[in-house]
Amino acid sequence: MVTLVNLRAYWRFFLVVRQFFPLIVAYTRDRRRYVLFGGSRTVDAETRVERAEILLESLLTLGPTFIKLGQLLSTRPDILPPEYIDVLSSLQDDVPPAPWEESEPVIEDELGPVEDVFEDFDRDPISGASLGQVYTARYDGEPVAVKVRRPGIESLVEADLRAVRWSLPVVRRFIGQGRAFSLENLADEFAKTIRQEMDYSREKRILDEIRANLADNPKVTIPRSVPACSGPRVLTMEYLPGTKINDVEALDRKGIDRTALATTLQRVYFEMIINDGVFHADPHPGNLAVTDDGEIIFYDFGMSGTVDPHVQEKIVDFYVAVANQDIDGILDTLVEMGTLSPDADRRVMGEVMELAIADARGEDIEQYRVQQIIEQVESTMYEFPLRLPRNLALILRVATVVEGVCVTLDPEFDFIAVATDYLQEEGYYEETARQLLESGSRQVQQTSRALFEVPPKLNRTLDRIENENLTVNIRLKGEGGPIDRLARRVVYALFVAVGALSTAILYAFDGTSVLPAVVAASLTVLPLIGLYRSFRAKRGIRAQPQFTRQSMRDRRRRE
């Protein structure tokens with residue numbers, strides 16, 4: 001049975017395809033110059049910027065759900081090239097608010113008549129976003145902020161999510177296997193995240209939990225929720241005004257230490273992610289403000305995340321390795337977390353990590369050095385071998401956005417020094433050393449046991465080899481692997497051989513007839529094309545490592 005949501009989803013899918021059709025044609029021609037045939041064509045950085053701007057306009061045209069999707073894409077360098085990240089990072093969730101006549105019924109359905117619940121209520125919202133808008137009011141004599149879900153947004157989001165899911169098979173045709181993996185995760189993550197953002201009861205629970213976790217931190221202020229005036233579609237909380245965290249001129253006029261602010265912000269996120277396991281996941285400047293006393297105010301807990309103990313442990317291992325500039329330790333941790341392919345070229349990735357550490361420390365990176373690394377990556381693989389499992393995607397988003405805010409506050413901010421100090425103060429260095437000692441002790445025990453167990457087994461194996469009684473079983477796994485490619489090549493080669501033999505026989509018996517010879521030649525040429533293409537290792541769109549601070553310097557030079 002076709003439901004109303006399905007009908008709307010079909011219509012939205014049609015609009016999505018129509019909106020993105022020029023880009024689809026362009027990407028198709030990148031792979032086949034003349035769509036059905038022809039070689040691939042090179043796309044320069046200027047063309048990618050133009051396409052990114054077209055994508056930006058398309059997302060804005062398609063409305064709230066796709067604006068949110070664009071914001072999420074802007075934090076995913078494992079999916080989009082740097083030029084797209086650059087353009088989409090300017091995408092703001094700034095949508096004209098719904099009229100009061102449409103919002104008032106939402107409040108009344110949740111809480112009752114506005115005049116009966118609040119002492120005063122300003123009908124003009126102070127902010128409007130794609131999923132909701134915020135009003136100011138008074139409750140029990142105190143100023144409060146009232147967040148109201150946008151009317152009718154639920155059905156639109158559900159229809160758009162189906163349209164996005166139906167679009168994935170089309171998009172997968174233009175990206176490599178690694179990016180397809182990240183794209184699937186992004187689609188799942190986006191659906192989960194946007195549904196969570198629309199549930200204000202969940203947001204209230206997260207707000208209360210994080211507020212309790214950070215209650216002893218005098219440098220942070222979290223608004224207090226008002227349970228009596230909150231529900232699934234309305235959230236009322238304490239109104240806390242402040243100076244926008246990226247308004248550096250206003251902060252300087254108030255004499256606030258911007259380096260101290262950046263340090264506090266990074267340490268608070270370390271505390272939320274590593275210690276508490278629940279964190280505010282949307283730290284863009286619109287959701288961060290500063291009081292006159294220099295305390296950081298956090299707004300909007302709709303986008304939040306949780307971290308399981310295994311990931312917390314690996315994040316600690318990663319930062320300890322970074323602080324010690326232990327490149328092998330960094331790569332091992334990334335592999336264990338599932339963010340780096342085990343097949344990646346460790347030498348090249350090691351050089352990428354060295355530059356990334358220098359960038360995080362605020363050091364200048366010579367452009368020729370960056371280009372040299374990019375050329376090495378492109379010469380060894382078509383895809384940059386970083387992946388983003390779902391449980392790490394929000395953490396990367398937070399790390400990326402927080403880094404941008406901190407560098408805005410202090411262009412020379414040293415992330416690694418702050419991370420090192422935090423880990424030392426919290427005792428993670430000692431814990432890591434203890435774990436290494438325990439691991440080393442276990443390895444010594446296993447080695448000692450092996451000294452007694454291996455020789456008899458080896459002796460039995462050598463006896464079986466000497467008696468010609470040794471059997472080795474080999475099991476090959478995976479689809480589209482070397483065996484599949486080899487089988488295709490054998491089949492193509494057989495067709496080529498048969499076609500060539502047929503052509504020779506036809507010419508030998510009837511050299512004047514053209515049609516049989518053409519047919520026989522086609523039997524040779526077509527498999528030959530297939531054989532040639534089977535040897536072409538086209539694995540996806542080339543990607544490049546990115547260095548945040550270096551990219552910001554490059555943008556300032558261009559401006």
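Analyst: The protein chain has 21 helices and 11 strands, taken as DSSP runs (H or I of at least four residues for helices, E of at least two for strands) and numbered from the N terminus. This is a predicted model, in which local features need pLDDT of at least 70 and side-chain atom pairs count only at pLDDT 80 or more, while totals for chains, interfaces and linings use all residues. Residues are numbered from 1 along each chain as its sequence is written, and side-chain values use heavy atoms, with hydrogens and water left out.

Of the 559 residues in the protein chain, 45% are buried (under 20% relative accessible area with a 1.4 Å probe, protein chains only; exposed is over 50% and partly exposed lies in between).

Searching the whole structure gives 1 cavity of 30 Å³ or more. A cavity here is a set of points, on a 1 Å grid over the protein atoms alone, where a 1.4 Å probe fits but cannot get out; a lining residue has an atom within 4 Å of a point. The volume of the largest cavity is about 40 Å³, counted as the space filled by probe spheres set on the points, which are joined across faces, edges and corners.

The lining of the largest cavity consists of K68, L72, F190, T193, I194, E197 and M303. Two elements, α3 (64-73) and α8 (177-198), each give two or more residues to this lining, and α8 gives the most, with 4 residues. By class, the lining has 4 nonpolar, 1 polar and 2 charged residues. Nonpolar covers Ala, Val, Leu, Ile, Met, Phe, Trp, Tyr, Cys and Pro; charged covers Asp, Glu, Lys and Arg; the others, Gly among them, are polar.

K68 and E197 form a salt bridge, with their closest N and O atoms 3.1 Å apart; the term requires a side-chain nitrogen of Lys or Arg within 4 Å of a carboxyl oxygen of Asp or Glu. This pair links distant parts of the chain, since E197 sits in helix α8 and K68 in helix α3, 129 residues apart. Both E197 and K68 are buried.

The structure holds 18 salt bridges. Another of them joins D292 to K254, with closest N and O atoms 2.9 Å apart. D292 lies in the loop between β9 (288-290) and β10 (296-298) and K254 in the loop between α10 (248-253) and α11 (258-276), so this pair ties together parts 38 residues apart in sequence. D292 counts as exposed at 57% relative accessibility, and K254 is partly exposed at 40%.

Key
1 Å grid on protein atoms, 1.4 Å probe; cavity = no way out; pocket = protein on both sides within 12 Å on 5 of 7 lines; lining within 4 Å.
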